[in-house]
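Biologist: Please pick one part of this model and look at it closely, strand by strand. After that, show me how the rest is arranged around it.

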Amino acid sequence: MADKTLAAGQSFTAVLKETIRTNMRQYTMIAALLIIWVIFSSLTNGLFLTPRNLSNLFLQMVTIGIMTSSMVMVMVACHIDLSIGSLCGTLGACVAFMMVNMGLSPFIAIPITFVLGLCVGAWHGYWVAFRGVPGFIVTLASMIAFKGVTLLVTNGKTIGEFPPFFKSIGQGYIPRLFTSEDAAFHDLTLIIFAAALLAFLVSNIRRRNRRISNGFVVLPMSLEITKMAVVSAGIIAVCFILASWRGIPYAMIVLGCTVSIFIVITTKTPFGRHVYATGGNLEAAKLSGINTKKTLFTIFLLQGALVSIAAVVFTARLNAATVSAGTLFELDTIAACIIGGTSTTGGIGTVFGAIIGALVMSSLDNGMSLMNVPIMWQYMVKGAILLFAVWVDLAIRQK
Amino acid sequence: MKNILEMRHIRKEFPGVVALDDVDFSVREGEIHALVGENGAGKSTLMKVLSGVYPYGTYSGDIVIDGNVMKLSSIKDGEKASVVVIYQELSLIKYMNVCENIFLGNEIVERGLINWDESFIRANKALKDVNLNINPSTLTINLGVGTQQLVEIAKALTKNARLLVLDEPTSSLTETEIENLFQILRNLKAKGMTCIFISHKLKEVFEIADRVTVLCDGKTRGTFEASELTEGKLISLMVGRELTQRFPTAKHTAGETALEISNWTVINPEVPDKKALDDINFVSKQGEILGIAGLMGAGRTELFMSILGAWGRKVSGEAKLFGQTVNTRSPSTVISEGVAYLTEDRKAKGLVLIQNVKDNMALASLSKRLNRGLIDQDTELKEVEGTIEDLSIKTPTVEQLVKNLSGGNQQKVVLGKWLLTEPKVLILDEPTRGIDVGAKYEIYTIMHRLVERGISIIMISSELPEILGMSDRILVIREGKVAGELSRDEATQEKIIAYATGGM
């Protein structure tokens with residue numbers, strides 16, 4: 001079949017402009033992230049862009065990053081979850097208590113924590129979906145209550161020193177295969193990224209061919225190559241950063257898995273579409289035969305699951321469970337989603353965007369800390385940027 | 001007797017439609033004047049012009065109240081001119097008490113603060129005038145619809161209304177409540193109140209009105225003394241929309257019974273002491289279009305929403321699809337049995353406006369295209385593009401947001417969504433509302449094509465020409481009951497209106 005392209009007879013730049021215009025949101029977010037990085041690296045004499053710092057930055061954003069994936073769904077469905085900070089603290093305290101005070105192996109403690117997260121998610125989902133209590137209220141109640149549970153479990157003390165395996169989830173890096181510790185590059189990281197790059201290129205080309213053979217509109221070849229080149233460059237850049245420091249942290253593998261799974265859930269499953277339809281127009285969704293109650297319940301269930309995973313990673317990174325762990329995580333997560341383009345009125349938002357949003361947030365944290373900006377200024381700057389981001393978003397959308 | 005109100009040569013246009021065309025309407029002081037007309041005759045538009053909802057300048061012609069030409073720019077202006085409209089959908093705020101509601105937007109203020117004592121005294125007096133013996137501090141949510149209506153009238157009295165417009169006031173009232181309302185209107189009339197009474201129910205018109213004005217197709221058919229009119233005469237005045245519109249012709253042969261509804265009775269959750277639908281029985285057949293006619297508020301949409309499992313309380317009766325009983329507990333079960341329902345309000349209930357054409361069209365049939373639990377996006381795109389071509393939907397790409405499409409194309413997107421579910425029974429609720437003539441004709445053609453494929457179509461429509469031009473059989477609903485059934489050959493505008501208004 002003929003190669004139908006988006007722009008028969010249009011010039012390369014015209015198609016490029018059109019593509020950028022239709023994907024404006026995503027590109028502006030990535031551009032904003034890059035601008036922030038450029039600013040910080042010039043302000044810190046390049047310290048910001050060193051592999052060591054960037055690797056650190058990625059590690060710092062993992063906890064929030066994991067939770068943004070499900071928070072996006074909650075927000076797309078027109079709800080909000082205020083409990084995740086408290087819950088993250090509680091589940092962290094639980095996993096710590098089980099390992100330290102009860103002497104359980106991490107292999108038992110982690111699955112139990114996961115189930116506890118699911119239970120809390122089901123509890124929230126039950127009230128929101130089947131009892132009609134707004135998510136804001138249900139999770140506000142949990143936010144307060146779980147502060148108490150954390151105190152109860154920790155008895156007001158820090159629980160610490162975990163088994164090495166558990167610690168490595170938050171702090172460890174994947175092992176090297178052949179090279180020694182002082183080699184310039186981490187070999188397994190290179191291999192993993194090479195495989196990822198290859199998989200991306202092959203799947204992209206196969207997808208394009210399949211679409212052409214189905215007679216669908218595809219991007220012109222020149223633009224397709226540009227797109228693949230840009231994404232490949234991004235993958236290679238991240239690979240270089242990680243490989244020239246200590247390799248890929250385990251925590252990032254966890255983040256990568258949850259993000260990939262949630263991107264698939266939101267874009268490729270009926271459930272994902274139901275979430276967007278429920279948030280976009282509840283009435284139309286119901287009358288289209290969608291079980292909106294079940295959809296809402298499942299969203300909160302998934303949120304519980306991801307919070308438990310985030311709690312494990314965070315507790316492992318700190319190597320301690322404290323009373324104040326998780327404080328304000330919910331607000332950082334919500335801010336990341338909003339900066340990443342999630343609409344506060346529901347129906348709009350992507351997991352990918354939210355991850356970029358999380359990166360923006362942690363870049364600000366990291367950059368300002370490098371510059372020794374006092375903590376009070378950090379809060380104010382972050383607040384201002386959140387407001388500014390939403391305003392820019394609204395201004396763009398109104399055009 | 002002098003005229004309190006004269007509306008002269010009123011003309012109001014909406015894009016592409018002339019809603020009111022040179023309408024003259026005058027009301028004498030102290031009379032009860034009924035305004036009647038078929039759906040879409042222009043009654044509500046005329047009252048919106050009168051009350052200031054459509055401000056001066058958006059219509060042409062003069063509104064004369066007490067001999068003065070009025071230039072109303074808002075509802076507030078209308079109320080200053082002593083005109084108060086009470087709409088069918090009551091506008092009281094549920095969680096405020098009666099007194100707060102009565103003075104909402106019209107508070108008695110002294111030095112910046114509300115004088116509640118004075119408010120209560122005046123509210124009590126107004127409530128007495130409408131024979132209501134309730135405490136002004138009662139929460140509105142605890143009152144029945146009939147009582148709320150009287151509170152609205154009391155509210156109008158505190159605004160010193162001299163001209164009270166009641167839009168379909170009896171549609172959700174029980175017999176006793178209607179009797180009570182009429183008694184109060186007569187009392188108010190005795191005290192000099194003028195009242196415009198909009199109703200579909202001819203029996204009520206003859207019971208309460210002194211004079212009657214008939215609107216038809218945006219024009220005045222004349223004003224008559226009620227005592228000089230008969231029901232037959234009134235019906236013939238209401239009819240008369242010209243059948244200029246063309247309809248594609250097609251011969252249908254009715255096949256097997258598709259949907260069979262028996263003894264269908266439903267309670268309105270908002271008005272628990274009244275049956276919204278009362279013992280409805282009908283069948284729809286494969287290969288035919290069943291037209292559902294009736295006046296606004298007759299219960300047509302509610303009937304099909306309740307069959308879909310999306311409306312009503314205490315639903316009883318039986319729904320059978322090809323002889324099998326259908327579980328009508330929720331839309332998802334009914335839709336999976338092969339019933340599709342295109343809602344009358346496509347923007348609020350049919351489309352997710354912020355999503356694109358593809359996502360909207362695929363929404364109701366996602367589970368039909370699964371491949372190992374994931375949506376097969378190639379098949380999805382193929383089917384969506386096929387349907388777009390089939391229905392000739394004009395959209396630059398499938399990624400276009402539906403809010404950017406024209407009304408006709410939006411409607412086709414909703415239609416496409418339902419066709420992708422491969423329905424056996426397709427219920428179309430006002431399928432051509434708010435779309436242009438060309439798109440209407442296309443939708444009619446599509447309907448014929450679907451019927452030929454063996455789908456059973458049920459079409460709810462408030463447009464009589466559409467009902468007559470498209471239906472093989474016509475079911476007329478009045479006040480939640482089947483008022484009559486007509487075959488294509490015996491149906492005329494007069495007969496349908498007679499059934500719909502109870503003039504038979």
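Modeller: In chain B, Leu342(B) stands opposite Leu428(B), a residue of β21(B). This is a predicted model, in which local features need pLDDT of at least 70, side-chain atom pairs count only at pLDDT 80 or more, and totals for chains, interfaces and linings use all residues. Residues are numbered from 1 along each chain as its sequence is written, while chains are lettered from A and ligands numbered from 1 in the order in which they are written.

Strands (E, at least two residues) and helices (H or I, at least four) are DSSP runs, numbered from the N terminus. Two strands pair if DSSP finds at least two bridges between them.

Both strands belong to an open sheet of six strands in chain B, ordered β18-β21-β22-β15-β23-β24, with mixed pairing. At its edges are β18 (339–342) and β24 (481–487) of chain B, each of which pairs on one side only. On average, neighbouring strands of this sheet are turned by 20° against each other, direction ignored. Such angles are taken between axes, which are lines fitted to C-alpha atoms, for helices over the stretch in contact; they run from 0 to 180 degrees between N-to-C directions.

A helix belongs in this picture too. α17 (residues 493–501) of chain B lies across β15 (289–294), β23 (473–478) and β24 of chain B, and runs at about 30° to β23(B). Contact here means that the C-beta atoms of two residues, placed from the backbone, lie within 7 Å.

Next comes the division of the chain. Chain B is split into domain 1 (3–238) and domain 2 (287–296 + 328–501), with bounds from an automatic or database domain assignment. The C-alpha centres of domain 1 and domain 2 of chain B lie 35 Å apart. Where they touch, ten residues of domain 1 of chain B are in contact with nine residues of domain 2 of chain B. On the domain 1 side, helix α8 (residues 231–238) of chain B gives the largest share, three residues. By class, that side of domain 1 of chain B has three nonpolar, five polar and two charged residues. Ala, Val, Leu, Ile, Met, Phe, Trp, Tyr, Cys and Pro count as nonpolar, Asp, Glu, Lys and Arg as charged, and the others, Gly among them, as polar.

Another strand of chain B, β3 (residues 32–36), is mostly covered, with five of its five residues buried. A residue is buried if 20 or more other C-beta atoms lie within 10 Å of its own, exposed if 12 or fewer, and partly exposed in between, with C-beta atoms placed from the backbone. Ile32(B), Ala34(B) and Val36(B) point one way from β3(B), and His33(B) and Leu35(B) the other way. β3(B) pairs in the parallel sense with β10 (residues 194–198) of chain B over four bridges, and Leu35(B) stands opposite Ile198(B) there. Four bridges also join β3(B) to β11 (residues 211–216) of chain B, again running parallel. In β11(B), Thr213(B) stands opposite Leu35(B).

Chain B has a further open sheet, of four strands in the order β14-β13-β16-β17, with antiparallel pairing. β14 (275–285) and β17 (324–325) of chain B have a single partner strand each, so one side of each is left without a neighbour in the sheet. β13 (residues 257–267) and β16 (residues 313–321) of chain B pair in the antiparallel sense over six bridges, with Thr265(B) opposite Ser316(B). Helix α9 (residues 300–307) of chain B lies across β13, β14 and β16 of chain B, at about 75° to β14(B).

As for confidence, the mean pLDDT of chain B is 88, and 98% of its residues reach 70 or more; pLDDT is the predictor's confidence in each residue, from 0 to 100. For the complex, the predictor gives an ipTM of 0.84 and a pTM of 0.83.
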